Amino acid sequence: MRRPQAHRSPLGRLLAALPLAALGWASLSAAAMAGTDTGAKGAQIYCYMRSSGNNHEVSWKAAYATVKRQSASMFKTSPEHAAVMITEAVVADPGKFPDCGKYLGDLYVKAVVKAEESEKTAEPHPDAKRAAEANGASSSNRYAY
């Protein structure tokens, strides 16, 4: 009489799961490789357009559209992540993207401006204000001693 499959040994279950695990790992590495390839495609478009005389906005929109559409991820690629992917591709193979390094900073200008604006609008902590007032320093120069 045969034993029901529900009573298989732990080793049997493990051996049955190995092909599925291998398939999962293979698909993960393929997705990681596709992400690298997608970043390189975005970098190629961005760098080519910039070196051809296009401004940042036009070049960025074309490169980001490519990265978004060709990404293997289930989730939408954020603009910040796409900029990082393009930067990594250029830095990994600068010979493939000649003179593109001078354009990479433009990918991060909005992030820097946004951070500076949030610093300006952020209210200092009430304890820091009181300590500055007690020391006679203005609240804009809180580290002046």
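Helices here are DSSP runs of H or I with at least four residues, strands are runs of E with at least two, and both are numbered from the N terminus. With that settled, hello everyone, and let's look at T66, which sits in helix α2, residues 56-70.

A word on the model first. It is a predicted one, where local features need pLDDT of at least 70, side-chain atom pairs count only at pLDDT 80 or more, and totals for chains, interfaces and linings use all residues. Residues are numbered from 1 along each chain as its sequence is written, and side-chain values use heavy atoms, with hydrogens and water left out.

The pLDDT, the predictor's confidence in each residue from 0 to 100, has a mean of 78 for the protein, and 60% of the residues reach 70 or more. Over residues 25-34 the pLDDT is below 50, and this stretch has two contacts (heavy atoms within 4.5 Å) beyond near neighbours in sequence. Where pLDDT is low, the predicted coordinates should not be read in detail.

As for the fold, the protein has six helices and zero strands. Of its 145 residues, 21% are buried, meaning under 20% relative accessible area with a 1.4 Å probe, protein chains only. Among contacts between residues at least 6 apart in sequence, 46% join residues at least 24 apart.

Back to our residue: is T66 buried or exposed? T66 counts as buried because its relative accessibility is 15%. Its side chain reaches the backbone oxygen of A62 at 3.1 Å. And if we leave aside neighbours within four places in sequence, T66 is in contact with T38, K41 and I45.

How values were computed
Buried < 20%, exposed > 50% of the residue type's maximum accessible area, 1.4 Å probe, protein only. Polar contact = N/O pair within 3.5 Å; in protein donor to acceptor, adjacent residues only side chain to side chain.
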